[in-house]
There are 2 protein chains.
Amino acid sequence: MITSLTEEQISTLIQKNLKEGNKTELQTILGQLHPYDMAIIYTNLPEDYKLKYLLQLSIPILADMIQELSQDDQISALQKLGKEKSGKVLDDMDNDDIASLLDQMSPEKIKQFLSGMKKEESSIVQDMMTYPSETAGRLMTNRFVWIRHYYNVREAVDKLKSFAEFAETINYLYVIDENRKLVGVVSYRDLLLADMNDTIKNIMFERVISVPLLTDQEEVARMIERYDFLAIPVVNDDGILKGIITVDDIIDVVIQEANEDIEKLSASGKSIDFETKPLIAAYRRLPWLVLLLFIGLVSGSIISSFEDTLSKVVALAFFMPMIAGMTGNTGTQSLAVVVRGLASKDIDMKTVIRLISREFAVAIIIGITCALLISMIAYVWQGSTVLGFVVGASLFITLIIGTMAGTIIPLILYKLNIDPAVASGPLITTINDILSLLTYFGIASYFIHHLMQ
Amino acid sequence: MITSLTEEQISTLIQKNLKEGNKTELQTILGQLHPYDMAIIYTNLPEDYKLKYLLQLSIPILADMIQELSQDDQISALQKLGKEKSGKVLDDMDNDDIASLLDQMSPEKIKQFLSGMKKEESSIVQDMMTYPSETAGRLMTNRFVWIRHYYNVREAVDKLKSFAEFAETINYLYVIDENRKLVGVVSYRDLLLADMNDTIKNIMFERVISVPLLTDQEEVARMIERYDFLAIPVVNDDGILKGIITVDDIIDVVIQEANEDIEKLSASGKSIDFETKPLIAAYRRLPWLVLLLFIGLVSGSIISSFEDTLSKVVALAFFMPMIAGMTGNTGTQSLAVVVRGLASKDIDMKTVIRLISREFAVAIIIGITCALLISMIAYVWQGSTVLGFVVGASLFITLIIGTMAGTIIPLILYKLNIDPAVASGPLITTINDILSLLTYFGIASYFIHHLMQ
């Protein structure tokens, strides 16, 4: 019984059996593993055992296992298998996984890849590639079983049986009419519970929720999350069923979208993970950094235009990092609330106005608290009432500006159909830096003769 | 046919029928709605229609619908129904949803709430509340159907039929032995495909993957994501099946964990969404802001200790925001990569060393590029080679410090079993601010006599 073994023990056992060529033993072990576990074992195998291992697996199992590998490993495993066998494996893989694999390749390589596949399978994949990435059309799979509304339960179960290997293991059968239009859905459970002679039309649920081909993947994720679906059907403009999107792909979408928001908020550049090479990571981060460098210089030139004020009261420099920093911080706080809020729900004008008023109220409360605090500190530290007033008043104003910029800018970007997280992280920091320095030195210059007393 | 109506039209139609008391009409409409849609309609109904609407729904439908409401609305809907009926609804609700509802309440109120429920149901909920929040024990539901390994397929289907209303609509039946130990799993599809007389033991999949009661919810999410499961069973230390966690709850976990990471990275305070009241939002954000204010003053006091250098070369102030800002930015970039990386996989020592080396290499590349750029700019702008050198050299060093702080601090927090996102956003900004100013003014003071020429 391998049930009680650890991953590592299983891995060693497989290596031993590969070496000795014990096929029956290997089959028994592999029969009890999940594709994900098989993939982990494959990744950890020494290079010269890898092909032997792959040859132990049947085509459908290979297809499931390869989908769990990283994209680089997927390509190398398929190459190991040779054109003919890899074509068969590709025929069996989910077409959404193939599409995302091809996404990274040159047209030349794509052609070579698809050449080993069956015509009908490769044309489905090529079809999918015509939809923009991150839309329903790119996420859907054609591995599902549809039934006609005039079938009875027995016919539906028979069809399910004959396509058993083929169908994604989700819970529903989608029902279509003569024109392939989506008209209903029945769950496997409904089938188990119904009488064999019931007509599908009578047991199906008619108000099927579906998404059009061009729906953004974030919206698809929201629907599945909202309705607790295990899958959602994708239809074209005529309501014809084109594919389904399953919940496991949606979990990946949710993670990907959250990572994208974080990347954008932190200006950390696209898709850098633990595996990314240094040169590539540097290349992806540099554009933002260079932009931010110039932005920093704008702040610098504002300071330089107040050089006169600053050289007369050097103490003004002491509070500069605090004021710029605080304005940036309140901006980022509001921004994070708005960006994540927009990711999880649609908003209307009423919500927008309520949100802006709320943030304004928050800014006033925070502004008063922090301004009083810093005025006292500045007075105690530098012994100047005027300096205390200048620093406090500046902080009060810049905190309000910072909060409002962090709230309103992402809302405007959203309204303009630009992803609100896109530029707003660095954008808001910049704007806030500049506005806060202008406010601070503006107020200070106005009171300069009092400050110098 | 309501299939073709919009949400709004359905809502109006329901209001009209509620007013006129057309029960049959109402039942036809409601029969075609998803619980989520029912919940939206409920939320938008005028206050005096709400109870009438609730009374149209059967207990199981009410349970499903109420789970889709916000927690405030859940409580008010249950109160509208009165103690007896709300008790029955609670009996039917998923116990993980009840547990998360109770989580917000005083012990007094919890008691009152549970008093209407059946003893066995309320004791299950009370049992769940003993597990720490964000663990498998708190997420699991007892709404699943288990079967014995010696059943045949017919007996399994019969059991499923008799518990049809009760079971979560997932795809699996979990198999237990005489001691309630989890020994296997069969999918509904397996049941449909098998012969009615097959024994479950022969068709079940034995290597069931399960999680212990105290597993962190993030780990549970990772398992479900990894294996593309629709549900995962929860077992106690003796391997006895205690409940299951379904994929729809996991999507919520993934979203919640991502939001938590963003909240912490942006120091925006716990759980502020569009609905949070201004005072509460301000109260949750202020602690970080006050902390950051004092941190800003530390930077200020560093500047003040270099007052002499600064007052001699005021131009040094022009590059201050840029240097502090850039150091903060590279730190945040590395931090975001590490925090999200840690959220999606376990790491070993090898990965840590590779990651630190990678980030160091990135820092060198970025540091050289930005330092050369800024040296030239400083030279052209201020006409001083020495200033160009001081600014460039400072930026080179602080970028390396910033990147390393952003990489190593979250890894140390992770090693100490502290959530790496916890304090590292503001923490890293602080440390980087202070280190960058020390480096900059340190180098500048050393070259001060050259700078003054």
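Me: Helices (H or I, at least four residues) and strands (E, at least two) are DSSP runs, numbered from the N terminus. Where is B:Thr439 found, then?

Reply: B:Thr439 lies in helix H21 of chain B, residues 424-446. Bear in mind that this is a predicted model, where local features need pLDDT of at least 70 and side-chain atom pairs count only at pLDDT 80 or more, while totals for chains, interfaces and linings use all residues. Residues are numbered from 1 along each chain as its sequence is written, chains are lettered from A and ligands numbered from 1 in the order written, and side-chain values use heavy atoms, with hydrogens and water left out.

Me: Is B:Thr439 buried or exposed?

Reply: Buried, because its relative accessibility is 15%. The cut-offs are under 20% relative accessible area for buried, over 50% for exposed and partly exposed in between, with a 1.4 Å probe and protein chains only.

Me: What does B:Thr439 touch?

Reply: Leaving out residues up to four places away in sequence, B:Thr439 touches B:Ser394, B:Ile397, B:Thr398 and B:Ile401. Contact means heavy atoms within 4.5 Å.

Me: Switching to chain A. What's the strand order in the open sheet?

Reply: E4-E5-E6, three strands with mixed pairing. E4 (211-212) and E6 are at the edges with a single partner strand each, so one side of each has no neighbour in the sheet. Two strands pair if DSSP finds at least two bridges between them.

Me: Which pairing is parallel, and which is antiparallel?

Reply: E4(A) and E5(A) run parallel over two bridges, with A:Val211 bridged to A:Val234 in E5(A). E5 (residues 231-235) and E6 of chain A are antiparallel over five bridges, and A:Ala231 has A:Thr246 as its bridge partner in E6(A).

Me: Why call E6(A) largely enclosed?

Reply: Five of its six residues (241-246) are buried, so the rest of the structure largely encloses E6(A).

Me: Now the interface. How much area is buried between chain B and chain A?

Reply: About 10,500 Å², with 70% of it from carbon and sulfur atoms. That's the accessible area (1.4 Å probe) the two parts lose on being put together, summed over both. Helix H16 of chain B (residues 278-305) gives the largest share of the chain B side touching chain A, 19 residues. In total, 117 residues of chain B and 117 residues of chain A take part in the contact.

Me: How many salt bridges cross between chain B and chain A?

Reply: Zero by the rule, which wants a Lys or Arg side-chain nitrogen within 4 Å of an Asp or Glu carboxyl oxygen.
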